[in-house]
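Work through these exercises with the model open beside you. Try each task before you read its solution.

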Amino acid sequence: PHQALWRERLPLRLARRLDRVTSRPRLGRRLLLAGGLASAGAIALGRVTGYPPLPGWSGAVLAAWEAQVIAAAAEVLSGVREVDALVVAANVDRFLMPAPAGMKAEVHQLMGLIEHGTTPLGLRLSRFTRLAPDAREAFLLGLNARGWLLAQAFRGLRDLVMMGSWQDPRTWSALGYQGPWAEALVGPESGL
């Protein structure tokens, strides 16, 4: 015969363990941790994928996503249009080709910091290339305002963008530059 009060006669530790196994599952630490890790992985995957294709991009140093970071920065730092911004990225890529491996590695790290630093440094969910132009400019100026290494990161990006911009006459109008002076305009009496 089966006794009705058998659970009450079990040792306390065994009764608790049996209750855990037979009761409805509750949200535990492991489930919460696994869910958090899965969410972080999905967010990370979304931040490093989904870049629009760059037709004709064949960068020797910069990956396509890095070229898009340069182009997005060029739009706000030098005022060039989106099409010309890709020219700036191509100029930067060409400039970096003969650079030492250490410098190239630092440029890759700089591109990663600018692209993905918007969340920890700018408190924005979107990566740099997905921000509106005014938000991109605010993020970059915020990096410069923080000083020290973050200001150096801003200046490094700014210098790459300006170097890439000055190399192509198509970007000169956005910079307010009319081009090199012709000798006829300068004349011998100017002393230049």
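Predicted model: local features only at pLDDT ≥ 70, side-chain atom pairs only at ≥ 80, totals over all residues.

**Exercise 1.** Describe how helices α3 and α5 meet.

Solution. Start with the general rule. Two packed helices are described by the angle between their axes and the distance between the axes. Find α3 at residues 64-77 and α5 at residues 101-116. Their axes come within 10 Å and cross at roughly 65 degrees. The crossing is left-handed. Next, list the residues. W65, E66, V69 and I70 in α3 meet H108, M111, G112, I114 and E115 in α5. Sort the residues of this contact: five are nonpolar, two polar and two charged.

**Exercise 2.** Which residues touch the most other members of the largest nonpolar core?

Solution. The core has 30 residues. I70, M111, I114, F128, L140 and L157 touch the most other members. Then ask where the core residues come from. α3, α4, α5, α7 and α8 each give two or more. The largest share, eight residues, comes from α3. Finally, look at L157. Set aside its neighbours within four places in sequence; L157 is then in contact with I70, A73, L110, M111, I114 and L140.

Technical notes. Residues numbered from 1 in each chain as written. Heavy atoms only, no water. Axes fitted to C-alpha atoms, helices over the stretch in contact; angles between N-to-C directions. Helix = DSSP H or I, 4+ residues; strand = E, 2+ residues; numbered from the N terminus. Left-handed = near helix turned anticlockwise from the far one by under 90°. Contact = heavy atoms within 4.5 Å. Nonpolar A, V, L, I, M, F, W, Y, C, P; charged D, E, K, R; others polar. Core = buried A, V, L, I, M, F, W, Y, C linked by side-chain atoms within 4.5 Å. Buried < 20%, exposed > 50% of the residue type's maximum accessible area, 1.4 Å probe, protein only.
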